[in-house]
2 protein chains.
Amino acid sequence: MSYIQHARVDGPLVMIGFGSIGRGTLPLILRHIGFEPGQFTVIEPSGGYAGLMAEHGVKHLQRALTPDNLRETLVGLFPDGKGLIVNLSVDVDSIEVMELAQELNVLYLDTVVEPWPGFYFGSPLPNAERTNYPLREKVRELGRKYQGGPTSISCCGANPGMVSWLLKEALLELAKDTGIAAAPKSREDWADLSMRLGVKGVHIAERDTQVSARPKPAGVFVNSWSVDGLLSEGYQPAELGWGTHEKKLPPLGHRFDFGAGYAIWIDKPGVDTRVRSWCPDVGPQFGLVVTHNESLSIPDYYTVWQGDQAVYRPTCHYAYHPCNDAVLSLYEANGAGVLQAEKHILTEAEITGGGDDLGVFLYGHAKGAMWYGSRLTIEETRALAPYQNATGMQVTSAVLAAMVWAIENPTAGFVEADEMDHTRCLFVQRPYLGRVEKHYTDWTPLKNRINRFAEDRDDEDPWQFTNFLVA
Amino acid sequence: MSYIQHARVDGPLVMIGFGSIGRGTLPLILRHIGFEPGQFTVIEPSGGYAGLMAEHGVKHLQRALTPDNLRETLVGLFPDGKGLIVNLSVDVDSIEVMELAQELNVLYLDTVVEPWPGFYFGSPLPNAERTNYPLREKVRELGRKYQGGPTSISCCGANPGMVSWLLKEALLELAKDTGIAAAPKSREDWADLSMRLGVKGVHIAERDTQVSARPKPAGVFVNSWSVDGLLSEGYQPAELGWGTHEKKLPPLGHRFDFGAGYAIWIDKPGVDTRVRSWCPDVGPQFGLVVTHNESLSIPDYYTVWQGDQAVYRPTCHYAYHPCNDAVLSLYEANGAGVLQAEKHILTEAEITGGGDDLGVFLYGHAKGAMWYGSRLTIEETRALAPYQNATGMQVTSAVLAAMVWAIENPTAGFVEADEMDHTRCLFVQRPYLGRVEKHYTDWTPLKNRINRFAEDRDDEDPWQFTNFLVA
Ligand SMILES: NC(=O)c1ccc[n+]([C@@H]2O[C@H](COP(=O)([O-])OP(=O)(O)OC[C@H]3O[C@@H](n4cnc5c(N)ncnc54)[C@H](O)[C@@H]3O)[C@@H](O)[C@H]2O)c1
Ligand SMILES: NC(=O)c1ccc[n+]([C@@H]2O[C@H](COP(=O)([O-])OP(=O)(O)OC[C@H]3O[C@@H](n4cnc5c(N)ncnc54)[C@H](O)[C@@H]3O)[C@@H](O)[C@H]2O)c1
């Protein structure tokens, strides 16, 4: 089988981290990205997959990056002021690597703004400062400093990442279906379109239905992607873009007292903050408001300003139904008040069924609500590429698309997925997304209840956050 | 193998309902209860297990009891003013059957105060009246009317039921371990002992670890015992006995404005009201505050009165960790706001591992906290008797014990488990309980947290309900 080579790296290609996402990205790079033989290095402390790297002619630098060895390591790997870094690790400070990449004139991309260890757990910081808002504000600040520098894409996996591209397609679909003229080019155009469509909010609505034949073992945290990644963000406070239509803050909700104020945080862990949400496979379901960069970048990008007054902004947040084994793992961890010592990521070999539905759920517009996204089963995934499950492939194919875009747009400076060409990116990614589907529904968060209990309910506007939140 | 016959029914033996508990009770009756040949009838609308009844010489009256046919049916079955009714059905009004049993001079027992359909779901009643407190008050009221009548045991399965007997053993153990003299006889003695021991509260602390090899199918509610039973009580408001040491009501908590006021209710469904609790298999875990009769009978029984002033009462409630498939089923139902149409009870054949730890967790005393209860695995269960899993056997063996006690004490009128002879009952039941174990722990609900978030925390008294409740 022969594959389209979408782009070619000039200089060294360095991947940091070879976990579930790194391994899954490998075959996509080999198929679709050109590079000089011997110029592809993976920095990964574990020796567990050294054989896989060797088999594909990838060099293995077996090392954990630390504040002490980061500069020395990367300077050594990029002697010629060219090349590309794909950061798919945990525990390596993204911002430091981004700054170093500017200095070394090297392209960069990652899937999350990750700090050095000590931020997510055991931090002395107050909860307001353990959110993603300050991290993102810092990255945006640097972006202003490094304008026109080598392209440095922050937070571009499936979500954050791909969902920003799907949102643009979804808005165009909605415009078409409701007879509204739309040819957005600039950020302002997109924000204006979203306002004209009357979109009050966007869930990043995901349902992972992957299951294995082995019942979740007690004392083991099981997930379909990085356990560390989910725990890190899951035990930050819940965080969400805060729409201009919202009438009041939720219980334990707080605004930020700096920056443009596009988001709020809730003084509860994201993995224990539930909203009513909707996905095509199952219909209405719980989603967890785990903090994510797209919950910040989307409301920021789609704000309509009149002077320094925000006249329109959608509410936006993650509404995540992880795989059932992760639901049980969270129930176990939250119940014990202690994280499990053992961790396990479900492999494509042990998963016996299910898939991942990941999309955007746009609500409050003329047609009520619409889900638009990727529906990918484990069987489809296995047929498409090795070393990953369905959740992984939605991420790795977004990483692939971001690599292509970075190489094609090498002097864009600091960007997020919202600022990239969604058409080009989805063109690269689409073969790996299973079915991209659009679903309208008449569901609202006021719709179903099992008996009636006390709730803070707004019957006048079904789309208020208070109706989504399960207190 | 020969078994001890503990007692003999004089007259007809009628079982109402032949679900998971009815079927599991059958072999225990055949082993341990004598009755006239041809005098054992099961009233059960489903024909699904007619073969099993026939095989054991049990008559099958295939009929659903209704308000219209109840009297006629039971009058026909008990022509001679003697016999025994074991009610193990859902959807049959316990109070009506109890009154009829008084009229017919027939012994009676059930495992829950069940109403006719229409109370649990779709009821026009306000939530305060959808609780168990008014139901129990009505039964107690009737008890005063029928004093000295044929014995009528209300709510005597594992819990409610057996746990009241275990609590008495646990109190005696605690007295022994802390060097406190104890020879309680009357209700007042038991309440006084609990007060002298400094027991602030009691969780009915259960962990069901039974699993099957089939991942929970979407759209199916899976449990290890009656799905209807769990849903019925689970979507009543949470309810708990309210200790005299409690400083303040929980959010959405309400007192009752009639009766002795030994309990409160919370305007949330029990299956979505979580507390921090503890079981020996796993240590700290979530428990659900599903309303149960023992959460009412225990605080009532253990109140120390001075005049009309309650000077001591323990907090008491269920803290239930159902099997993982039920945890997932509840997550699915609550997330959708709709109950699944399909239901499934895990059979002993499909369960591949795990068991049920069901006991009492006494806290706030000189030794901190103690769990005392039955630990029964599925393997042990299969070796002990057919047609049931571990959860079932803890219930069916309590039903057996209650039958024996009713026959041996035929004119006790209306009683609950707290008022029966726990020594005799546990003697009958113990061979079916696996290991009855005692565990002390230094855990308190203040102990473990994953990061710090807003909470209403009382550091002065770790045993306040506010510290257990996860808001
Ligand atoms: N945006 C998205 O859609 C998305 C989706 C999934 C994962 N992610 C992110 O991608 C990253 C990788 O996810 P994953 O599932 O592969 O995680 P993983 O836990 O499977 O792998 C992480 C890898 O990083 C390596 N690592 C740890 N410390 C390191 C160090 N100091 N230096 C270099 N490498 C180190 C680990 O050994 C491991 O192999 C995570 O940060 C995760 O949050 C983003
Ligand atoms: N106290 C305890 O520890 C405890 C534990 C488990 C179950 N229970 C109670 O025991 C009862 C039975 O539990 P299960 O697991 O066997 O339930 P199940 O759902 O398996 O069986 C209930 C049976 O009742 C029958 N039934 C329904 N309507 C009827 C009617 N109108 N007339 C006669 N029979 C009717 C059903 O056909 C079914 O066979 C439930 O009320 C449950 O709440 C109590």
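This is a predicted model: local features need pLDDT of at least 70, side-chain atom pairs count only at pLDDT 80 or more; totals for chains, interfaces and linings use all residues.

Q: How is the packing of two helices described?

A: Two quantities are used: the angle between the helix axes and the distance between those axes. In chain B, helix α6 (residues 162-177) and helix α7 (residues 187-197) pack at about 45 degrees, and their axes are 10 Å apart. The angle therefore makes α6(B) oblique to α7(B). Their crossing is left-handed.

Q: Which residues make the contact between α6(B) and α7(B)?

A: From α6(B), the contributors are B:Lys168, B:Leu171, B:Leu172, B:Leu174 and B:Ala175; from α7(B), they are B:Trp190, B:Leu193, B:Ser194 and B:Leu197.

Q: Let us turn to the backbone. Which residues does a cis peptide bond join in chain A?

A: The omega angle is the value to read. The cis bond lies between A:Asn159 and A:Pro160, with omega about -5 degrees. A:Pro160 is in the loop between β8 (152-153) and α6 (162-177) of chain A. In chain B, a cis bond joins B:Asn159 and B:Pro160, with omega about 0 degrees; B:Pro160 sits in the loop between β8 and α6 of that chain.

Q: What is the phi of B:Cys155, and is this residue buried or exposed?

A: Phi of B:Cys155 is positive, about 65 degrees, although the residue is not a glycine. B:Cys155 is buried because its relative accessibility is 2%, under the 20% limit. Its place is in the loop between β8 and α6 of chain B. A:Asn451, also not a glycine, has a positive phi near 55 degrees. A:Asn451 counts as buried at 15% relative accessibility, and is found in the loop between β25 (435-441) and α14 (465-468) of chain A.

Q: Finally, how is chain A laid on chain B?

A: A turn of 180 degrees with a shift of 0.0 Å along the axis superposes them with an RMSD of 0.0 Å. The two copies are therefore related as by a two-fold rotation axis. The same surface serves both copies, as 100% of the contact residues of chain A recur in chain B.

Methods. Residues are numbered from 1 along each chain as its sequence is written. Chains are lettered from A and ligands numbered from 1 in the order in which they are written. Side-chain values use heavy atoms; hydrogens and water are left out. Copies are superposed by least squares on the C-alpha atoms of residues with pLDDT of at least 70 in both. Contact means heavy atoms within 4.5 Å. Axes are lines fitted to C-alpha atoms, for helices over the stretch in contact, and angles run from 0 to 180 degrees between N-to-C directions. Helices (H or I, at least four residues) and strands (E, at least two) are DSSP runs, numbered from the N terminus. Angles under 35 degrees count as roughly parallel, over 145 as roughly antiparallel, 65 to 115 as roughly perpendicular and the rest as oblique. A crossing is left-handed if the near helix is turned anticlockwise from the far one by less than a right angle, and right-handed if clockwise. Buried means under 20% relative accessible area, exposed over 50%, partly exposed in between (1.4 Å probe, protein chains only).
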